[in-house]
Structure formats: C-alpha cells, structure tokens
Amino acid sequence: MAMMEAELTDQLWGDSDGAGVLFASRVQHLELSLACRGLVSPARDGKPSVLVQVAALDACEQSLLALNTTEIVQGTRDPLFLTGVTFPPQCPILDETVIKLSVYDVKDKSANTSTFLGSATFSVADLLKSRDQQISLNLRSSDDLAAVGTVVVSRMKMGEIEDGEADHITADIQGQKCALVCESLHGTTNDKDYGPRMSALFKNPVCKVYRFQTVDSKWMLVREQMAESTLSFTVPKQLITLHIQEDSRRIQELKDLGELSPHWDNLRREVITRYDQVIRSYQENLEELDKLTGPSFKPSCSKAQKYLEFIPINLHTQRMRVTCPRKTDAFYDIITVGAPAAHFQGFKSGGLQRLLGRYENEKKSYSTAYQCIYYSPEQTARARDVLGTLSELRPLIGSLADRLLQAAQQRCAHALRDTLKSLAEKTEQFVHALKDELVKSALLALHAARPGYVSKTQTQAQTPPLQTHAPQTPSHPAQTALEPDAVVCNNVAGAQTPTKEEAPPPAVALERQDSIPHHKEYDEEEWDRVWANVAKSLNCVIALVDKLQEQDNNNQESAPDQALADVITSHNPTGEWREQLSPLVASLKECVSEVGGRAQKSMTFVLLQEAVCSIPQGLFLQQRRDVVFSQALSALACGFVMRLYAGLEDKGFLQQLHLVGLVAQFESLLSTYSEEIGMLEDMETGISDLQRVTFRITEAKSDDPADLQPVVSGRRDHYTVEVPLPQQSFQMIPPELREGKPLQVYPVLFNVGINEQQTIAERFGDISLQERINQRNFDILDGYFKTLSDKVPSECLPCFQTQMDVKDLLETLGQNVVTKKRKNVEILWLAGTICRRLNGIRFTSCKSAKDRTSMSVTLEQCALLRDEHQLNKDYFIRALDCMRSSRLTQGEAAQWDDPEAGSVANHKPASRHFYPIALLLVSSHLLVVWLILSLVFLLAKYQ
C-alpha cells in the first residue's frame, strides 16, 4: 500500500510542490457507480465475494485518502454494486484528481480476512472526457503481470433520468435487474432540502440516492438525507441557564421572606445551601459545554459523561425524499435520538416514574419530622403557577399603567382605549390568581412561622402544635388594623375616600417585614378585602377614563360658537387627563405591589416547606428530571423546526398548526428488562413533561445563522420555544401565527421491546409498564384526533395512496393496545401511520439510536415505498438490505449508522450486520431455549 501511494504520488506530482493544482477547476457533485466484469479468482468455484475499496489522492498531504467501501456482492464474477462512490468535503475533487479502486475477494466477514484481486487508477478528467462519462479499466494484480478482470466506472447524474433511459442505469445479473445507488455528501443541484435556511440549524448533511423500479416498470428516485442538529447543544445550554436563573431567584425569594422563627430559619438556610450546590453544578456543566467544538451531536460512547448529561444521544434528522415520474415529490421525516434518560446517574433504583412515586410517599413522613405542612404535588404545582403568574403580571401591569398615563398625556383616545383594555385583562388575571384558597391558607402558615407567633404560643401555652396537613381556614371575627400611610383607592363615581371597612391594608415595605401583623390575631378576611381592592382600583381607573372620553366627545359635538372659557369652566372640567389619572393609576400600582408581595411570600413559603420535606432526595430528583427533560426538549424542538420548514407552503398544515397544534409521536424500542426499565421510566416522564412546552413563531432579525436559532424562555413549569423565520418565510404564514399565538404540541409515547431482553421479560418478567404507557398515550392520541376533527376540515390533512380512514386506524390501534401479544410491533406501525396522516412529528428511539433504531427506520422507509409509491415487490428485500448495509459499511467516510464509530481499517470489510426483525425474533426464542438447556445441564451436573 505504501509503495502504491508513493507511485501514485510520483505519477501525479513529480518533484513539484503541487502548486499548479491550486488553479485547477473543481468538479462539483461527482458521484460514481461501480461494476466489475470477468473477475478471475483463486477460489475453487471461481465465484468470489467481491468488495471494492475506493481511495483518492489527497492534494494537500500527497497521500491516499481512503473514502469508503462498497457492499459485498457474493457468488458472482460480474458484480454490480449498489453502493456508489462519494467524496467527502475534506477531499476536493479536481480534474487532475486520481482515484484508486482496489478489489478484494472476502473470505470471512467475521474475521475480516480477504484476498487482494487487483486495482486500477484513473483521473477525474479521463472520466469526464469519456463517452457517456463511463470508462472501463483493467484490474492489475499485485505483481502487475496479469489482468484479473475489468471495472466499469460511470458518473451518476442525479435528476436527469427519463423513462426511456432505464437501460443506462441497470445491469443484468443472473436474470435480475438491480438499481444503481450513489451517495453524496454535497447534495445535487436539484436538492433544496438543506438550503441556507435549514443549514443554520442542520449541519453535516449526508445524502444517499437510490433508483428503484415500481410495479409499472417506471423508475423512482429515492433520496435519503441525514444531518446533525445544532439544537443538540443550543437548547440544553439555554435550559441550564434558565435553571440557574430560576434557582437563583428562588434563593432570593427565600431570603425575602423576612424574619422567621429559629426552626424555620435554620431550615431555610439548609435549603439555600442545597440550591447553591445545584447552581454550582449547573454552572460547571455550562462552562464545559461552552468549551466544546466539533460535531453537533453526542455519541453513544459519551452517554455516561457528566458534563454531557443534558445533551441528547445521537440526535439526527432523517429525511427520505421520493421522486416519481410525473408526480409531486414526497417527503418523509423521522427524528432519531437515544432514549431521553439520566444515563450518568444510572438506573439501579429505577427511573423517574418509580422514583417520584416513592418520593411522594416518603415526603409525608419527612413533613412530620420537620414539622412542616404536607402539600400534595398538585398544590405545589399550583404554588409555582401562582408565582410564575405574579412574576409575569406584576411588571406587565406596571408597564401598561405607565403606557396608559402616556396615552392620557397625548390625549390619544384610541391608544387610551386599547391600553386600558389590555390593563383590564391583565389585572383580571392577576386578581383571579389571588383568589386561590392555597394563597389564603399559606398566608396563615407563614403567619404561624413568624417569631411573634411563636412567642405568643410560648407565653400562652395553649395553641396546639402545627398540624402535618393542609390547614383548614378557621373563622375569625373581622379585625382591620389601619396605619396612617394606608393605601386609599378613590371612588370616581362618588369622588369620596372609601370607608374604613373598604380601605386596603397598609403599604408596609416588603423588605423589612411581612405585611401581616405578627403580634395580633390573624384576620383571614382581611386578605379577601386586600385583593378585592385591586379590582376596585381598576374600576376606578376605568370609570374615570370613560368619563374623560365622554366629556371629550361632548366637547367635540358642542356648538361652534361656544367660547373656550365656557368649556374650561363647565361642570366636571376635563383639565389634563394625565393629572386626573395619575393618583388612581398610582393607587392601582401600589395595590398590585402590596398584594403581589404578600402572595409571592406565601407561595414561596409553600415551596420552602416542600423543599424542606424533599431535602434528602427531592433536589436530586429535580436534577434528574432536568436532565431528561433537556434531552426530550432538544429532540422536540428539532422535530418541530424541521416539520415547520417542510410545511411553510402547506396552507392546510399551517391552519392545523394554529387551530389545534401538532402531535409528536415518540416510538420507543426499549425492553422492559434490566436497566432499560429505568430508561423507559425516565423517558415516560420526560415525554410527559413536554406537555408544558408551547411554541411561538417570530420574525428573525436577519438571515444570519445566529438569528435563526430557536430561543427557549420560561421556567420549569412552562417553557416557550420561539422559532425565528426569515422575513420572506415569515410573511407567508397566517396572521394568527405572525401575531405570536402559542402553538400546542401533544407528545405521545408508544413502546414495544423487540430484542432478546424483551423476550425474557415477556416470559419471566413484567411488561405492565409498557402496557400502561401504550394505553395512556393511546387515550391522548384519540383525544387529539377528536379535537382535530372538530376544528380542522379533513382537506387540511395529507393524502395517501392507501385509503384507510384515520378513525379506523385508531380503532385498530386501540384493539392492539389491549391485546396480549408478544412483541406486537403492529402498535408501532399503526401509531406511526396515524402520526403521518395527522401531519405529526415522528421520532424513533432505542437505547442509543443505533441498531434497533436503524432497523426500524429502514423497514418503515421501505414499507412507505411499497405502500405509497408502488415499489416493485421484487425490490423490497433488495432495497431493505441495501439501505441497511450502506448504513453499516461506510466507515469513517459516511458515518451513517454509527456516527461516533472510528474509521474502518484499510482493505477490511465491515463485520457488523443487521438482521430483519423476523430473524431477530427467531434468535430471541433460540436464546430462551439455550438458557433452559443450560439450566438443565447445570442441575444434572451437580446432582
């Protein structure tokens, strides 16, 4: 090999430094197909198993660069290879580039043993100048003494085949015609799938193109594309940053609770310490991620590395584009990703679904030990919702109030009316959040945790200890304590100061102490009056604005000869609008600030008690949940963006998107055995948490790739993913989407284990987890379809050749879900079919998104070609084997099936192979038989 490299180098470059090559013309989109004729083999039967390795001279290093190898064609002297030749970006193809073809007779695939038959070299210029751009080369043996056959090299021109050109792309081997296939890492001139818009988010696309024959003897072009997604890293890094900000705010909120009793103060310090540890851990992860460069995916060999635990495993986009004569191109997208799970933390104690259930049971006992009130998960979720609502609405109400004053100063009636409408809507939402009974009971609990309350109980020694359940609101006589600086809301209609009973509570500085008096009997009715004053203040503002506008209208309709002085001195003078509105608006803002501060402290105290009860493992579970959710959201964001880009010109899809939303169907191939049970439990929780995510479409600032990256915002209870579109694309979407309407996604998960471990689980273990997941998610999918049927016309859904109604498919899926059947892969097939018919997003996962995922994707693609594009039945198995083998034998050049795999050794065929699912099921049964026989043998041996 070294000698051949030296000869080729001398042949091409001589003693020059190769500078002349820099000015040679570069060949674009060069794709080659190979075939051999009349091979001479030392094998007894003279029918070798042939493999060709392709190499090119590296113009920079002046050495041979191994590109890839073809598949192995067995038992023929005239092999036609389905796998073509492609050239990676790091190997620019010039007219003077020399390509070497080495042919081998493979003796044993498993042992990687082969016999060298011969080689041939040619330049790209010779190929391009030849007739029909096809040349036939003699293969020379290693001693260069005899010809051992010929190799035919043809240039593939994708997109230029007509119906009458079938003879140019087929070859007759043993009475059967085979389709040619080539690969391209560049794409072709008619390939628009990864243009500038998508190249900002999807990197390193790999393209493979096949030509298969249909049942009517026509030829279809099948293009497979795989790409990495930058969202594998950008989404997790944004989430980690949001987690750090949220936990930092939580620490500040705990500090803002004010003075607490020594018991609660010690617990608060302990919780803050734990939050600090989580923040430092997340900061370290973020710093390590910022240092990374290179591929935009995490290989499976790195799934147990801590600093990569937020990154999804092997997240890739898979697109199959089918072009048939005189038909519109069809696209089929699948997102492949490793199961979202906390691989670094392990699965010895199970996954999230089991750990969370165990944690809730233990939390009740911890609440008693720490003298806390036990709040259910629903109550703590409501507390977080209230906190989020308050943190969002308080600054928004203040901003709208300022805009209202600005509109009043400008005397702009239209702006005043619109701003007042928005202010009223947000204030009503604010008041509605305060009506929650949890806020009232939490205020009482916080009052009991103050030092003054503890001192009173110690002196009186009559108050019973704090109970370990949510307190019932007792009935107390109304006691209102007013301070000189109490907030007063003016009544515009009566132009009077409210009475003592209607007055809101004093505006005591929130930094100094809680508004509830510590040394007095807690008056729960006071809180009702306090938050009601917010609504009263709003009514005051609305009434005054209406009055001002009415007076303005009357002035405009007055007689022309009326003097200006009469208008100024008339009853209820208008004066300056801003001056009249300012006191009422200030009163509203003070009421909102006062009430919001109280409610925020009460909800923070609820979360403090939950954190105290969960100190042993609650924060650990939250970290695990953050990790799993990060991986799941990265995959969902990738799928949503890809589906959105594909449907920008589909009006029916866009209508469905803003009226109902999209279904995201996750297909899982995990077994319910050993550690994969924990992975499935993690995945179930992570996919379910995606229900808290909404999407919004925004207009990008520019076409710069940095401005096209999706932006994640929100908190753990709800996230929003903003997807920027270029200006031209943004103008194409409906007004509802341009206005930023939140878009819903309905995630569903269906799991069917297919490997040997699942056979053991079905025979000797428990598969109830899989059954429960499938049943629960079927109900979600069925509910989504009913909503879709009510709001979206059937014309908006895509059309398929197989005219089976979605309702019938759902009915069949429901029957399969409840049927007790081993490895019922029909569930996955039906769920995937329904998802495609509903314009949904398809995901396929296994442990690492490699072996089982690859089998599932290729089988689904060939089935789609058969059912929707009339693939000839004689080509089904050939197409399936071709797709699977090409994913395994490309080595470093293509990295199709296993992107993290290293380069394949020179002159050695790949030893890995995938078998169809049927063979996998057979091998599973053989494994069980082997286990039983081994057990019988051991028992007989030791008796």
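In the predicted model, helices H14 and H16 cross with right-handed geometry. H14 spans residues 618–646 and H16 spans residues 675–689; the two pack at an angle of about 65°, and their axes lie 9 Å apart. Because angles of 65 to 115 degrees count as roughly perpendicular, this description applies to H14 and H16. On the H14 side the contact is formed by Arg624, Arg625, Val628, Phe629 and Ala632, and on the H16 side by Asp682, Thr685, Gly686, Ile687 and Asp689. Sorted by class, the residues of this contact comprise four nonpolar, two polar and four charged ones.

The structure contains 30 salt bridges. One of them joins the side chains of Arg625 and Asp689, with an N to O distance of 2.8 Å. This pair connects distant parts of the chain, since Arg625 belongs to helix H14 and Asp689 to helix H16, 64 residues apart. Arg625 is partly exposed, at a relative accessible area of 27%, whereas Asp689 is buried, at 5%. Asp689 also forms a salt bridge with Arg692 (3.5 Å, N to O); Arg692 is partly exposed, with 24% relative accessibility.

Asp626 is located in helix H14 and Arg716 in the loop between strands E17 (711–715) and E18 (718–725), so the pair ties together parts separated by 90 residues in sequence. Asp626 is buried, with a relative accessible area of 3%, and Arg716 is buried as well, with 10%. Through shared partners, salt bridges join Asp626 and Arg716 with Glu246 and Asp247 in one network.

Conventions:
Residues numbered from 1 in each chain as written. Predicted model: local features only at pLDDT ≥ 70, side-chain atom pairs only at ≥ 80, totals over all residues. Heavy atoms only, no water. Axes fitted to C-alpha atoms, helices over the stretch in contact; angles between N-to-C directions. Helix = DSSP H or I, 4+ residues; strand = E, 2+ residues; numbered from the N terminus. Parallel < 35°, antiparallel > 145°, perpendicular 65-115°, else oblique. Left-handed = near helix turned anticlockwise from the far one by under 90°. Contact = heavy atoms within 4.5 Å. Nonpolar A, V, L, I, M, F, W, Y, C, P; charged D, E, K, R; others polar. Salt bridge = Lys/Arg side-chain N within 4 Å of Asp/Glu carboxyl O. Buried < 20%, exposed > 50% of the residue type's maximum accessible area, 1.4 Å probe, protein only.
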